[in-house]
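Student: I would like to learn how to read the features of a model like this one, step by step. Could we begin with the contacts between charged side chains?

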Amino acid sequence: MVAVVEDEETIREAVAVALRKEGHRPETYGDGLDAWTAFEVSLPTLVILDIGLPRVDGLDLCRRLRRRSETLPIIFVTSREEEFDRVLGLEIGADDYLCKPFSMRELMARVKILLRRAALTGGIAIEEPEQLVRAGALVLDPLRLSVTWKGARIPLTVTEFLLLQALASRPGVVKTRAQLMDDAYPDQIAVSDRTIDSHVKRIRRKLPAADPEFDGIEAVYGAGYRFLQS
Ligand code: CA
């Protein structure tokens, strides 16, 4: 069961319609407390969360959910790009963020990726070392969408993972924002250059947080980004 917690009825209903079309059974909630009351009885398989919500806000709800489950996929929908940074600063463990207005295709693509990952990580861990992408001390696992740097796990969102994978699999090569968009957004979903920049900015903050020595992603003025293999 996929839960949608959103107080704007038009968005809530549009997301529910899109989910039903994809074969999901969405449960919708217009405020945070109703959602939490239901989640206490049984956890959903994935949650789409608005930030500004009556009674219990999305950030609080995310924290509460994380205390119950570290692996439950959570996607935030935010009304402003700046809210991304606020959410990131709190390190509350969301799996991805979409900025309103978002396309339903993009949201459904994210839901699909996260449910696939949850199914893989929830099962028995199978070692498939040949699947791993390595770039220096960085190891990416494309099946589980997980990243380690010198053995330490780096908490990246799905979008951040796809962007880092695109850069790290071609060390030294400059990737333009348009190429990164193709790599990180399936089905030719177009996002703004600023969206790409803000995702890359967050990756560039998260890796040094784990290792202050890390300086592996370079912005190339007027061109794009490249991964520098140390
Ligand atoms: Ca709201």
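Tutor: A salt bridge is counted when a side-chain nitrogen of Lys or Arg lies within 4 Å of a carboxyl oxygen of Asp or Glu. Please keep in mind that this is a predicted model. By that criterion Asp211 forms a salt bridge with Lys150, and their closest N and O atoms are 3.0 Å apart. Asp211 belongs to the loop between helix 8 (193-210) and strand 11 (217-220), whereas Lys150 belongs to the loop between strand 8 (146-149) and strand 9 (152-154), so the pair ties together parts that are 61 residues apart in sequence.

Student: Is Asp211 buried or exposed, and is Lys150 buried or exposed?

Tutor: Burial is judged from relative accessible area, with under 20% counting as buried and over 50% as exposed. Asp211, with a relative accessible area of 8%, is therefore buried, while Lys150, with 57%, is exposed.

Student: Which residue forms a salt bridge with Asp31?

Tutor: Asp31 pairs with Arg55, the closest N and O atoms being 3.3 Å apart. Because Asp31 sits in the loop between strand 2 (26-29) and helix 2 (32-41), and Arg55 in the loop between strand 3 (46-50) and helix 3 (58-68), this pair ties together parts that are 24 residues apart in sequence. Asp31 is buried, at a relative accessible area of 10%, and Arg55 is exposed, at 58% relative accessibility.

Student: Which residues coordinate the calcium ion?

Tutor: A metal site is read from its donor atoms, and here the calcium ion is coordinated by Asp7 (OD), Asp50 (OD) and Gly52 (O), at 2.1 to 2.3 Å. Water is not among the atoms, so the site may look incomplete. The spacing of the donor residues in sequence is D-x42-D-x1-G.

Student: How should I read a helix, and which residues of helix 1 are buried?

Tutor: An α-helix has 3.6 residues a turn, so residues three or four places apart point the same way. In helix 1 the buried residues are Ile11, Arg12, Val15, Ala16, Ala18 and Leu19. Seen down the helix axis, these buried residues fall within an arc of 165 degrees, so they line one face of helix 1. The face turned away from that buried side carries the exposed residues Glu9, Thr10 and Lys21. Just after helix 1, Gly23 takes a positive phi of about 90 degrees.

Student: How many helices and strands does the protein chain have, and what share of its residues is buried?

Tutor: The protein chain has eight helices and twelve strands, and buried residues make up 49% of its 230 residues. Among contacts between residues at least 6 apart in sequence, 57% join residues at least 24 apart.

How values were computed: Residues are numbered from 1 along each chain as its sequence is written. This is a predicted model: local features need pLDDT of at least 70, side-chain atom pairs count only at pLDDT 80 or more; totals for chains, interfaces and linings use all residues. Side-chain values use heavy atoms; hydrogens and water are left out. Helices (H or I, at least four residues) and strands (E, at least two) are DSSP runs, numbered from the N terminus. Buried means under 20% relative accessible area, exposed over 50%, partly exposed in between (1.4 Å probe, protein chains only). Contact means heavy atoms within 4.5 Å. Donors are N, O and S atoms within 2.8 Å of the metal (3.2 Å for Na, K and Ca); water is not among the atoms, so sites may look incomplete. The arc is that of the directions from the helix axis to the C-beta atoms.
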